[in-house]
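Let's walk through this fold together, starting with the sheet and ending at a single side chain. Please have the model open as you read.

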Amino acid sequence: MHVVVANNKNVTIGLIDDSTVADTYGWGPGFEALTNDQVTVLNYAKNGATLDSLSNTLDSLIAQQPNYILIQFGHNDMHYFDAKTYSEKLNAYVERITQSGSKAIVLSSVSRRNFDKNGKIST
């Protein structure tokens with residue numbers, strides 16, 4: 001898979017999430033490696049982040065006026081919010097992004113895996 005840009009237009013893609021996307025452990029750097037010189041990736045993901053903790057960071061990302069912002073929260077939020085509150089906060093992100101003129105793309109949240117006493121993934 002490669003990120004392909006049509007019509008020789010430059011595109012900026014913002015990423016906002018937790019460690020599952022961040023430069024340290026996440027897929028963000030691999031995603032950027034799949035782009036060409038017409039694509040700029042702005043990775044604003046931070047280890048341990050939640051929707052609340054990166055709210056001001058979202059403002060900084062929006063100020064860069066990316067064409068698209070990919071949102072993938074939930075991994076850490078599950079410790080703090082029920083499904084209704086999580087949905088409201090995620091929708092607020094989408095609304096802020098849309099109002100800025102960028103396009104919001106919500107990626108499925110990454111769920112935590114639980115392991116049994118033998119180190120096997122439990123359901």
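Two strands count as paired if DSSP finds at least two bridges between them. Helices (H or I, at least four residues) and strands (E, at least two) are DSSP runs, numbered from the N terminus. The model is a predicted one, where local features need pLDDT of at least 70 and side-chain atom pairs count only at pLDDT 80 or more, while totals for chains, interfaces and linings use all residues. Residues are numbered from 1 along each chain as its sequence is written, and side-chain values use heavy atoms, leaving out hydrogens and water.

Let's begin with the sheet. Four strands form an open sheet in the order β2-β1-β3-β4, with parallel pairing. Because β2 (39-43) and β4 stand at the edges with a single partner strand each, one side of each has no neighbour in the sheet. From one strand to the next, the twist averages 20°. β1 and β2 are joined in the parallel sense by five bridges; for instance, isoleucine 13 has valine 41 in β2 as its bridge partner.

Helix α2 lies across β1, β2 and β3, and runs at about 175° to β1. Such angles run from 0 to 180 degrees between N-to-C directions, with axes being lines fitted to C-alpha atoms, for helices over the stretch in contact.

Now follow helix α3 (residues 83-100). At the start of α3, the backbone nitrogen of lysine 84 has a side-chain oxygen of aspartate 82 within 3.3 Å.

Which residues of α3 are buried? They are Tyr86, Leu90, Tyr93 and Ile97, where buried means under 20% relative accessible area, exposed over 50%, and partly exposed in between (1.4 Å probe, protein chains only). These four cover an arc of only 50° around the axis, so they sit on the same side of α3; the arc is that of the directions from the helix axis to the C-beta atoms. An α-helix has 3.6 residues a turn, so residues three or four places apart point the same way. On the other side of α3, Lys84 and Gln99 are exposed. The buried residues pack against β1 (11-17), α2 (55-63), β3 (68-72) and β4 (103-106), contact meaning heavy atoms within 4.5 Å.

Just after α3, glycine 101 has a positive phi of about 100°.

Note on methods: Polar contact = N/O pair within 3.5 Å; in protein donor to acceptor, adjacent residues only side chain to side chain.
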